[in-house]
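The exercises below concern one protein model. Try each task with the sequence and structure in view before reading its solution.

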Amino acid sequence: MGLRSWVPAEVDVTKPSAARVYDAFLGGGHNFAADREFARRAEQVLPGVTVSSRANRKFLRRVVTYAAAQGIRQFLDIGSGIPTAGNVHEIALQASADSRIVYVDNEAVAVAHSELMLADVPQAKVIDADLRSPGEVLNHAVVREMIDFDRPVLLLMLAVLHFVPEPADLGPLIERYRNKLAPGSMLAITHATGDHRPKEQEEGLVNLYSKSTNTAFNRSRKQIAALFGDFEMVEPGAVYVPEWRPDEGEAEEHPERFLFFGGVGVKPA
């Protein structure tokens, strides 16, 4: 199947999109020249953004593995992006064949390729929806079919919330998602922060994304940590992604250079 055969006709492949640029950072094959050029320029503006994206992907694997080991069998991945190796459903289904996974994205290429990838995986589905509309996401027919919100769920929002534009207050938005979850559910968040970066690098990346289809915004570590509300943080708490329960041999020096900050919270009883 040729690459363009699954690209929706309305997609302008000459303008970079966040999902395809992230795929390029990860070394995936579902991006276009404009996305790869954007990724190259982003690395120049903010050195380390590529390794940061790959560290974020490793964080996803560790979080899903941890949640599955705690008995969670339902996974809702909002802002899932373009599938690459080591997707949520691959990790979750390896842990338990009765897992159920729903991916959510509003980027046409991400949704189209996810549909192709999941055609023969009845335990996993994808929907086209915007995280800024919690009612649209949580009440979607596919979500209601696949996810029982009376039972624990792992809700993932990884490397996506920095595309929710300012001056929007993320707190009430994420609270609506938190309120839907049953006790014992987990919320995993990562978000770009410029707290340990020179201001010119932070502003340079934000300006670069302003020319793409997805404007990006940095937030402080304090703002990101507040998104977990009263959820009980899994050790080691809110940290840079390489610091969150690294596998043996994966610990990184100067984890703050890896850009993404977040963690995992558990809804109390």
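**Exercise 1. The cores.** Which residues of the largest nonpolar core touch the most other members?

Solution. This is a predicted model, in which local features need pLDDT of at least 70, side-chain atom pairs count only at pLDDT 80 or more, and totals for chains, interfaces and linings use all residues. Residues are numbered from 1 along each chain as its sequence is written, and side-chain values use heavy atoms, without hydrogens and water.

Step 1. Collect the core: a set of buried Ala, Val, Leu, Ile, Met, Phe, Trp, Tyr and Cys residues joined through side-chain atoms within 4.5 Å. Buried means under 20% relative accessible area, exposed over 50%, and partly exposed in between (1.4 Å probe, protein chains only).

Step 2. The largest core has 49 residues, and Val64, Phe75 and Leu154 touch the most other members. Helix H3 (residues 49-69) gives the most to this core, with nine residues. A second, separate core holds 33 residues, including Ile147 and Phe231.

Step 3. List the contacts (heavy atoms within 4.5 Å) of Leu154. Not counting residues up to four places away in sequence, Leu154 touches Val63, Val64, Ala67, Ile72, Gln74, Phe75, Leu76, Met186 and Ala188.

**Exercise 2. Helix H1.** State how many residues of H1 are buried, and find what they pack against.

Solution. Step 1. Take helices (H or I, at least four residues) and strands (E, at least two) as DSSP runs, numbered from the N terminus.

Step 1. Eight of the eight residues of H1 are buried, so this helix is largely enclosed by the rest of the structure. Among them are Arg20 and Asp23.

Step 2. The packing partners are helix H2 (33-45), H3, helix H5 (108-117) and H9. Just after H1, Gly27 takes a positive phi of about 80 degrees.

**Exercise 3. The largest pocket.** Describe its volume and lining.

Solution. Step 1. On a 1 Å grid over the protein atoms alone, a pocket is an open set of points where a 1.4 Å probe fits, with protein on both sides within 12 Å along at least five of seven lines; lining residues have an atom within 4 Å of a point. The volume is the space filled by probe spheres set on the points, which are joined across faces, edges and corners.

Step 1. The volume is about 820 Å³. Of the 46 lining residues, Ala18, Ala159, Val160, Phe163 and Asn214 lie nearest the centre. Helix H1 (18-25) and strand S2 (100-105) are among the elements that give two or more residues to the lining.

Terms used:
Contact = heavy atoms within 4.5 Å.
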